[in-house]
Each structure stands twice: as structure tokens, then as C-alpha cells.
Amino acid sequence: MPLLYFLAPLGAVMIWSGNMTINQLTVGTIAPSSIAFLRWVLALLVLTPFVLPAAVRHRSAIRRQWYKLAFLGLLGMAMWQGLAYVAAETTSATNMGILAAMVPLLTVLLSALILREAPRLGGILGGLVAFVGVTVLLGQGDPLSLITLDVALGDLLMVMAATCYAMYGVMLKRWPLDMPPWVVLYLQAVFATLFLLPGYLLGPMTPVDGQNVWLILYAGIPASIITTFLWMRAIRQIGASRASIFINLMPLFSALIAMAFLGERIALFHLIGGALVLTGVIMAQRLTRPLGKPVEEGHHPG
């Protein structure tokens, strides 16, 4: 497999990791409902001149599959980042990066449930190890504090966001769409914008100014258009399972960027929780022996 194929998922994960820091910088600068909506408005303004003609040509396929595109737009664009913007108000970029690293493991688990792929040894053992890691992280080194529900709301929202993105990857696999990737991306962005519009109209509408315009630009172009296209390309070239392994790098990249730009400090519980989550994710990826009925050769989880 050409090394060039690995540039797409690596690039997507690096931009996402940078976006964890951008999420923190939006706090107090622009309302979550405003940036969540405006980023996709910007993305559509950039994409429309190039993609609309192709979308018109594929209108019959769009009419047949619009509900799939709407659901994918809700999960992968509106919920994944929309929840992350709200989460940033009550958790750190480091925590967000570690919790986002759960996506590959959740993809394995959801694939077993939705795609009826046989449960794997690594999926179960890795899931248990990663769960312990998440409890260490959420409890800030004291997992027993979870019994009293003493957990930052932002951490819980990031778990929800990661679940939405894992579901997005599984549904992309379940629903092969017979139209070009840019058209798929464009239609998902259209639906995401529609889903986010009510929140924008009801929430505090932050005016665009010199302080927040560059945050919207980063969120709207690299973190919206480029990452989504790179991720879809990665799934096509190397498969969802291999591509998702690169998400394991998010905690490292997010922590380094947060240390450099936000001055965040890494505590021992970050290292322990992050290491357990990564160990669990790697076990889920590497220990692929099915526990039930054998899976067809070449059929990868997630």
C-alpha cells in the first residue's frame, strides 16, 4: 500500500487536533451555536460554485437517498462538532483529544451491533481497558467520584460527540452512496446547516468581528471541508478500520498543541487515562479473532 495513502487520515487527524484548541479559543469569543452554524454557512459558500453543478447532475440519486444524507449530516457534521463547541466551555482541549480517541473503539462496538459483525476478542477486552481509562479521566484520577456524578458536563458531551462520529463512520459503510464524494460532502453540509439553524436563531447570535473571524475561517475551511474530504478519501483508500487507527494520535497532537498555544498542563491522570484509552483502542484494532461466527476475509470492523 503506497505511503501516500496515509497522508489523508494523518492530515485529517492533525487538523482535528488543532480544532480542539480552536474550540477552547471560541469560549467567551463566540457562542457555540453561532460558530457551529456559521462554519457550515462558510463551507457552503466556498463549495457551492464548484459542487452545485455536479449536485444538480446527480439530483435523481439525491432524491432517492436524501434521508441518508440528512442523517449523515446530522451525525458527522452537526452533532460531532456542535457538541464539541459546547463541551469546550467546561473541559480542556487535552481531555477532548483523549475522549475523541474513543471513536475507533466505539466504531468497532457499533459495527458489531449495527452491521452484525461478529464480536472480536479485542473489541471486548479493549473496550473494558478503555472504559477504565475513561473513568480515570472523567474522575480526574478518582474513578469512584463518578458514583457521585461529579463529572464535568463537557466530558460527557465529548463522549456523546465521539459516539455520533463513530455512528457516522458505521453508517457511511452501511450506506454506499452512488454519487461523487464532493457531492456527498456538500449535501451533508446543507443538511447540517439546516439542523443547526434553529439553535443559531434561538441562541445568542455573536456578531462576526476581528477576534472571532479567524476562528470561523479555520472551523469552516480546514476543519469542515478539508477534514471531511480527507476522511472520506481515507476510508475509500485504506478502509475505515485502518483509517480509524490514526485517531489514536489525537490525544498526543491535542495535548502538544494545547500546551503550546493554551498553556495547558498535563496531569498524571491525563497520562494514565490516555494510556489506558489508547491501549484499549489498539487492542480492539489488533486482536481481531472473532468470538462468534467467523467474519468473511477482508471484512474489517468499523
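Helices (H or I, at least four residues) and strands (E, at least two) are taken as DSSP runs and numbered from the N terminus. The structure is a predicted model, in which local features need pLDDT of at least 70 and side-chain atom pairs count only at pLDDT 80 or more, while totals for chains, interfaces and linings use all residues. Residues are numbered from 1 along each chain as its sequence is written, and side-chain values use heavy atoms, with hydrogens and water left out.

Helix 6 covers residues 121–138, a run of 18 residues. From its first C-alpha to its last, helix 6 reaches 26 Å, close to the 26 Å expected at 1.5 Å a residue; the expected span is 1.5 Å times one less than the number of residues. Burial is assigned from relative accessible area with a 1.4 Å probe and protein chains only: buried is under 20%, exposed is over 50%, and partly exposed lies in between. The buried residues of helix 6 include the glycines Gly-122, Gly-123, Gly-126, Gly-127 and Gly-133. Also buried in this helix are Ala-130, Val-134, Thr-135, Val-136, Leu-137 and Leu-138. Just after helix 6, Gln-140 adopts a positive phi of about 50°.

A salt bridge is defined as a side-chain nitrogen of Lys or Arg within 4 Å of a carboxyl oxygen of Asp or Glu. By this rule, one salt bridge is counted. The pair is Arg-64 and Asp-178, whose closest N and O atoms are 2.9 Å apart. Arg-64 belongs to helix 3 (residues 59–87) and Asp-178 to the loop between helix 7 and helix 8 (181–202), so the pair ties together parts that are 114 residues apart in sequence. Arg-64 is partly exposed, at 49% relative accessibility, and Asp-178 is likewise partly exposed, at 45%.

Helix 7 (residues 153–174) contains Asp-155. Asp-155 is buried yet has no salt bridge, and the nearest side chain of opposite charge, that of Arg-39, is 18 Å away. For charge, Lys and Arg count as positive and Asp and Glu as negative, whereas His and the chain ends are not counted. Contact is defined as heavy atoms within 4.5 Å. Leaving aside neighbours within four places in sequence, Asp-155 is in contact with Thr-91, Asn-95, Leu-99 and Leu-138. Thr-163 is also located in helix 7 and is partly exposed, with a relative accessibility of 31%. With neighbours within four places in sequence again set aside, Thr-163 is in contact with Leu-106 and Leu-110. Its C-alpha atom is 8.2 Å from that of Met-102, a residue 61 places away along the chain.

Gln-188 is placed in helix 8 and is buried, with a relative accessible area of 0%. Beyond its neighbours within four places in sequence, Gln-188 is in contact with Leu-69, Leu-72, Gly-73, Met-77, Tyr-168 and Met-232.

Ala-101 occupies the loop between helix 4 (93–100) and helix 5 (103–114). Ala-101 is buried, at a relative accessible area of 0%. Apart from neighbours within four places in sequence, Ala-101 is in contact with Ile-247, Pro-251, Val-277, Leu-278 and Val-281. Ala-101 and Pro-251 are separated by 150 residues in sequence and by 6.7 Å between C-alpha atoms.

Ser-254 lies in helix 11 and is buried, at 0% relative accessibility. The C-alpha distance from Ser-254 to Phe-195 is 28 Å, at a sequence separation of 59 residues.

A nonpolar surface patch of about 660 Å² is formed by Leu-252, Leu-256, Met-259, Ile-266, Leu-268, Leu-271 and Ile-272. Helix 11 (250–261) and helix 12 (268–286) are the elements that give two or more residues to this patch. Patches are made of residues with over 30% relative accessible area and no salt bridge, like charges being joined within 9 Å and nonpolar side chains (Val, Leu, Ile, Met, Phe, Trp, Tyr) within 5 Å. Accessible areas come from the Shrake-Rupley method with a 1.4 Å probe, and for residues only the protein chains shown count as cover. Leu-256, in helix 11, is partly exposed at 48% relative accessibility. Leu-268, in helix 12, is exposed, with a relative accessible area of 59%.
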